[in-house]
Amino acid sequence: MKKFSSTLAWICGILLFVYLLVDTMKLSDVFTKHEVVTKETPIVLEYWEKWQNFEADAMRAIVDRFNAEKIRNKDGRPIQVHFFSVTEIDQKILLATAGGIPPDIAGLFDRNIMTYSERGALLPLDGRMKRDGLSRDDYLPQIFMFCLHEDRVWGMPAVPEALALYYNKKLFREAGLDPDKPPTSIAELDAVAEKLTKYDEKGNIVQLGFSPCEPGWWLPQWPMWFGGTNWDGEHLTCDSPQSMQAWDWIQSYAKKYTIKKLNHFGTKTVPFASSQNYFMQGKVAMELQGDYFLQFVKICAPNLELGIAPFPMVDPAMGCVTQTGCSILSIPKSAKHPDEAWEFIKYVQRQDVMEDLCRRQWRFSPLKKTSPDFYTNHPHPYIKIFRELAESPRSQGWPRFSIATEYDDELLQAIETLWQLQETPAEAMKKVKTRIQPILDRRNERWAKIKQLRQKEWDREDNWQ
Amino acid sequence: MTKTEKSNIIKGLLFTMPWIIGMCLFTLYPTIMSVYYSFTDYSLLNAPAPVGLQNYKDLFVDEVFLKTLSNTWIYAAMALPFGMIVSLFLAILLNQGIIARPLFRTIFFLPSLVPLVALAILWNWLFRTNDGAINALLEMVGVTGPDWLGSTLWAKPALVITGLWGCGQAVVIYLAGLQEVPRDFYDAARVDGANWYQQIRHITLPLISPVIYFNLIMGCIGTLQIFAVPFIMTNGGPLRSTLFYSMYLFQQAFRYLNMGYACAMAVILFFMIAALTWVAHMISRKHIYYGGA
């Protein structure tokens with residue numbers, strides 16, 4: 001009898017262990033079900049955002065403002081947003097969505113939208129926009145395009161970004177250049193860069209005027225300033241004459257200053273958001289940077305005498321152009337509270353809230369309409385330049401097709417090859433096309449097979465009241 | 001089978017049940033699913049669509065895959081013997097009757113406790129071309145240091161040197177083996193006139209051969225799966241010269257969402273390691289001495 005009860009106890013113990021192991025989540029549900037829900041019990045939303053430090057603080061302030069206003073859902077319960085600053089957000093959102101436990105609101109990069117929506121990870125928002133009187137026409141088309149895929153809306157803008165030329169006025173003066181006259185063409189930029197570059201007695205670079213690879217974040221996008229693009233909406237165009245001109249230009253810097261000297265000068269291992277950043281130290285005189293960069297400069301190098309201007313085109317007659325981007329607020333497909341998440345996203349779209357957020361992050365507003373005091377009260381003295389650049393019809397963003405990440409990575413490899421003078425631009429770009437075209441064909445083929453099915457799913461998901 | 005034997009088996013199974021369940025849930029099931037996904041087009045968010053052997057066919061014409069394969073083998077060929085020799089040498093030194101032996105042992109083991117991320121960042125700074133400590137030391141003896149992490153020639157050796165930082169773990173295992181070698185053997189050898197090298201060659205190495213074999217297998221697995229340090233230090237560059245197998249697998253799975261393709265890579269890696277372990281086992285069968293066996 002004793003033996004029997006001992007075995008029974010063991011069996012019970014093991015069964016309990018298995019139950020706890022497999023069903024932990026459900027067990028916790030059993031306990032939470034005992035909570036008494038009243039009309040004042042808040043619906044708590046989980047919001048994951050990619051920003052850190054002061055950029056995260058800016059959004060946190062908006063979240064606090066939303067929570068303070070005690071906005072309620074359709075059942076009259078108050079909505080509370082819990083903000084989480086998350087690194088490597090795209091991978092974490094992906095895994096959480098695949099695991100069926102995504103946050104209610106996801107602060108994504110614009111490049112994620114196409115991939116995630118095509119794979120069924122996000123909720124379409126057209127129906128919600130229509131119901132609440134929001135329109136695509138309220139936004140700059142150059143920015144709102146990032147929220148779209150297959151002519152559906154997958155997220156709403158948080159803050160946009162654009163790029164321009166940052167230059168060090170003090171170094172301009174020291175080189176005998178007029179600090180109020182930044183270069184207006186690529187040829188002028190090259191000449192100015194040479195004047196601003198200094199060497200020590202051993203011939204090592206101690207001050208660099210400009211390099212297309214510094215900071216090197218948008219290397220594949222350089223064709224934009226030569227009137228080209230790498231993706232024309234249907235084809236890979238990295239070998240178009242304009243793009244080739246851009247790649248030749250990049251390689252000309254590697255030839256002119258030599259890789260050995262540029263590598264010895266070295267910038268890559270220096271943290272970007274620190275006073276060791278070579279631009280902030282005054283070791284690099286000019287670089288392509290985003291609107292947000294000024295806030296970093298003010299914190300890390302407050303005494304830097306800075307000028308900002310549109311980045312020059314190869315031919316000034318072509319006008320100005322920039323690369324645009326946008327942070328996007330989306331609702332993952334299996335979010336627990338999609339309606340309440342939409343309430344928060346909608347709140348951020350309110351002109352006063354959006355302008356508050358953009359001011360806090362030193363950005364321009366993605367809305368077409370801006371309040372009269374938006375620019376006068378804006379902490380970024382050059383913000384209008386970025387807005388005007390973003391409004392340029394030639395402005396472009398990250399190539400918008402499903403294998404853009406693979407394409408971008410391959411372009412980066414090709415650029416590194418030509419930067420190291422291992423291949424000519426023509427050879428490097430031929431390799432990119434040879435590698436990417438079959439991947440694109442396969443992806444298109446698969447998409448053609450599942451497109452209709454996906455469209456039906458989206459119709460179903462967007463059909464709500 | 002007697003009643004007691006039956007009861008013992010049941011009890012044994014009950015005791016091992018938590019492990020069996022854990023193994024089935026967290027090792028066996030994912031392994032089986034990986035093999036299944038390797039025959040599908042799977043992006044993690046959609047249902048997998050069967051594609052037969054397509055992923056495997058694509059892999060063997062994928063230039064980057066072949067490059068990562070060769071990078072990994074070259075790295076393993078450099079890091080494994082170098083790491084084993086250095087850690088064995090250190091273990092032999094630390095096994096000598098020197099002053100403050102426990103202190104030295106602790107000092108050599110400590111670096112292996114440093115988190116890999118911190119280690120990678122630290123070495124990134126040490127390897128800097130213009131103001132890194134390593135090149136500064138070389139400069140002091142009149143040698144111009146190379147662009148360690150920016151050159152295709154030096155990036156892999158730089159990672160091998162970085163890997164040595166964590167050899168403390170292998171040193172501890174070797175030390176445990178060395179302490180098992182009976183002193184009498186050395187005394188007898190000395191009486192017979194054997195010098196230090198002969199003692200190492202004919203006594204130490206044969207008697208710790210199971211430990212060497214263990215470290216060889218573990219080192220093999222470790223070097224073929226290298227990920228964290230190059231991921232942080234070079235991110236595969238320059239020109240993909242440090243893009244290793246696991247990094248490309250990760251890239252395919254989590255950057256491009258090609259889970260099926262990544263699973264096919266994982267299956268190949270599994271068989272590669274299994275085959276290598278088998279080969280190592282076959283080769284070393286004659287050369288390993290198990291005292292009690």
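Me: Helices are DSSP runs of H or I of at least four residues, and strands are E runs of at least two. On that basis, how many helices and strands does chain B have?
Reply: The model is predicted. Counting such runs along chain B gives 14 helices and 2 strands.

Me: How many helices and strands does chain A have?
Reply: The DSSP runs are numbered from the N terminus. For chain A they come to 18 helices and 11 strands.

Me: At what angle do α1 and α14 of chain B pack?
Reply: Two packed helices are described by the angle between their axes and the distance between the axes. In chain B, helix α1 covers residues 3–37 and helix α14 covers residues 259–284. Their axes lie 7 Å apart, and the angle is about 120°.

Me: Is the crossing of α1(B) and α14(B) left-handed or right-handed, and which residues of α14(B) make the contact?
Reply: The crossing is left-handed. From α1(B), the contact uses B:Ser34, B:Val35 and B:Tyr37. From α14(B), the contact uses B:Gly260, B:Cys263 and B:Val267.

Me: What share of chain B is buried?
Reply: A residue counts as buried under 20% relative accessible area. Chain B has 293 residues. The buried share is 43%.

Me: What share of the accessible surface of chain B belongs to carbon and sulfur atoms?
Reply: The accessible surface of chain B comes to about 16,000 Å². Carbon and sulfur atoms account for 71%.

Me: How far apart are the centres of the positive and negative side chains in chain A?
Reply: Chain A carries 59 positive and 62 negative side chains. The centres of these two sets are separated by 4 Å.

Me: How far apart are those centres in chain B?
Reply: Chain B has 16 positive and 12 negative side chains. Their centres are separated by 8 Å.

Me: Why does A:Leu108 count as buried?
Reply: A:Leu108 lies in strand β3, residues 105–109 of chain A. The cut-off for buried is under 20%. A:Leu108 is buried because its relative accessible area is 0%.

Me: How far is A:Leu108 from A:Ser330 in space?
Reply: A:Leu108 touches A:Ser330, and its other contacts include A:Lys50, A:Ile93 and A:Tyr116. In sequence, A:Leu108 and A:Ser330 are 222 residues apart. From C-alpha to C-alpha, the distance is 7.1 Å.

How values were computed:
Residues numbered from 1 in each chain as written. Chains lettered and ligands numbered in written order. Predicted model: local features only at pLDDT ≥ 70, side-chain atom pairs only at ≥ 80, totals over all residues. Heavy atoms only, no water. Lys, Arg positive; Asp, Glu negative; His and termini not counted. Charge placed at Lys NZ, Arg CZ, Asp CG, Glu CD. Axes fitted to C-alpha atoms, helices over the stretch in contact; angles between N-to-C directions. Left-handed = near helix turned anticlockwise from the far one by under 90°. Contact = heavy atoms within 4.5 Å. Buried < 20%, exposed > 50% of the residue type's maximum accessible area, 1.4 Å probe, protein only. Areas by Shrake-Rupley, 256 points an atom, 1.4 Å probe, with all protein chains shown as cover. Lists of a residue's contacts leave out its neighbours within four places in sequence.
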